[in-house]
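I opened this model to look up its strands, cores and ring pairs. My entries follow the order in which I looked.

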Amino acid sequence: MRREKKPVLTDLSKINADMMGPGRCEEYDIYIDPHITPDFVKNEDDRIVPNFPIIYEIADHTYQINEFGMVNFYVLVGEERGLVIDCGCGSIDAKELVGHLCPLPYDVAITHAHGDHCGGMCQFEKVWMYPQDIPLVHDSFRVNQQLWENPNIWRTFPARYPDGTVMDYPGTSSGGKAYYDYTNLTFTGIDVDHLPEIGELQEGQVFDLGGRSVTVIRMQGHTEGSAVFIDPKTRIAFTGDALNENFSLMGNPPELNVELLTKLKGYRKDFDRMYPGHTAIAYNTANFSQSPALLEDAIMAYQSIVDGNPVIEEFQIHGHIMKKAVYGKAKVDLGGKPPAAG
């Protein structure tokens, strides 16, 4: 039987060191888990519906924040500085939360300029992104529309426009309303007149955190400025939406995707796990790394398209039937226009 849910934790000052260990804080539905998926998301009969973003410690001083099943973003803490990879949709006070997870000065870097990954950027003084994506955030209507009107992001959350009007999109019934049961979700949105300072990421740029260094590589396709961040200290690649089981590098010809993925494979000695922008999505609160074998399989899948002999299967994604080339664990797009945010 499910426990009665408590109000969403809005006073983030109540997050304290006692919550940084294994297990669950009893006062509020906030979870910080050391390295594993806890029992509360494994046992369907006893599953607890969280009222606050779930925080997983996926490696030492490395936190994944699951923002209500919409998106993941990450906080990496070094000896001298921190690095925040993406900043979520903006439905929570991300800056306040990051401050509790990382007591050091930190940088914020964006994997790509889709609303679910950069929607909270105006909460920060400065963010980093590839220059190819900077024009996207200056189109604030587009970014905000992705948040308030895109069911692929909030999965029928009863989301609200900034004026309080309910935006109840007739989309899929999973997650959001069906699982988290929120009635007051809203997004801060992008204010083009009050954007943070934007630093331009460069290929091979290194964020030195003290005792750990994170390298940036460009993986264009999902957007022109999509980025992957590689942390050899924890042996994790943070891939945003540029690399997941259902690849969305549709902005590229398959030959370029082979080249880009082969470039990433050149860093393979530095990572054993791959965490994307979406693992715990919709009603699924489980947390997991993608298999590194996915990278090699994706290269082979795109190469099969180049060679003219792909194995093609049909999949239903967000209510649409899509044809994909399949090889091993990878399902890759055949071509066409870049996808919507997600």
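The entries below go from the whole chain to single residues.

**Ground rules.** I am working with a predicted model, in which local features need pLDDT of at least 70, side-chain atom pairs count only at pLDDT 80 or more, and totals for chains, interfaces and linings use all residues. Residues are numbered from 1 along each chain as its sequence is written, and side-chain values use heavy atoms, with hydrogens and water left out.

**Whole chain.** I found eight helices and 19 strands; helices (H or I, at least four residues) and strands (E, at least two) are DSSP runs, numbered from the N terminus. Of the 342 residues, 56% are buried. For burial I use relative accessible area: buried is under 20%, exposed is over 50%, and partly exposed is in between (1.4 Å probe, protein chains only). The accessible surface of the chain is about 14300 Å², and carbon and sulfur atoms hold 52% of that. Areas come from the Shrake-Rupley method with a 1.4 Å probe, and for residues only the protein chains shown count as cover. I then took the contacts between residues at least 6 apart in sequence: 61% of them join residues at least 24 apart. Contact here means heavy atoms within 4.5 Å.

**Cores.** Which residues have the most contacts inside the largest nonpolar core? They are Val75 and Met121, in a core of 33 residues. Strands S4 (62-67), S5 (71-77) and S8 (126-129) each supply at least two residues of this core, as do helices H2 (94-101), H4 (134-138) and H5 (140-149). Apart from it I noted another core, of 23 residues, including Val228, Ala237, Ala301 and Ala325. A nonpolar core is a set of buried Ala, Val, Leu, Ile, Met, Phe, Trp, Tyr and Cys residues joined through side-chain atoms within 4.5 Å. In soluble globular proteins, nonpolar side chains tend to be buried together.

I listed the contacts of Val75, leaving aside neighbours within four places in sequence: His61, Thr62, Tyr63, Ile65, Leu83, Val84, Val98, Leu101 and Cys102.

**Strands S3 and S4.** Strand S3 (residues 54-59) is largely enclosed by the rest of the structure, because six of its six residues are buried. S3 pairs with S4 in the antiparallel sense over five bridges; two strands pair if DSSP finds at least two bridges between them. Glu57 has Tyr63 in S4 as its bridge partner. The S3-S4 hairpin has two residues between the strands, and His61 takes a positive phi near 60° there.

**Gly69.** I next looked at the loop between S4 and S5, where Gly69 lies. Gly69 counts as buried, at 2% relative accessibility.

**Strands S12 to S14.** In S13 (residues 213-218), five of six residues are buried. S13 pairs in the antiparallel sense with S12 (residues 206-208) over three bridges and with S14 (residues 227-231) over four. The hairpin of S12 and S13 has four residues between the strands, and Gly210 in its turn has a positive phi of about 85°.

**Rings.** I counted four aromatic pairs. Rings of Phe, Tyr and Trp (its six-membered ring) pair if their centres lie within 6.5 Å; planes under 30 degrees apart count as stacked, over 60 as edge-to-face and the rest as tilted.

Tyr106 and Phe124 are edge-to-face, at 6.3 Å centre to centre and 80° between the planes. Tyr106 is in strand S7 (residues 106-109), and Phe124 is in the loop between helix H3 (115-118) and S8, 18 residues apart.

Trp128 lies in S8 and Phe207 in S12, so the pair ties together parts 79 residues apart in sequence. Trp128 is buried at 17%, and Phe207 is buried at 5%.

I also noted a cluster of Tyr74, Phe238 and Tyr275, linked by ring pairs.
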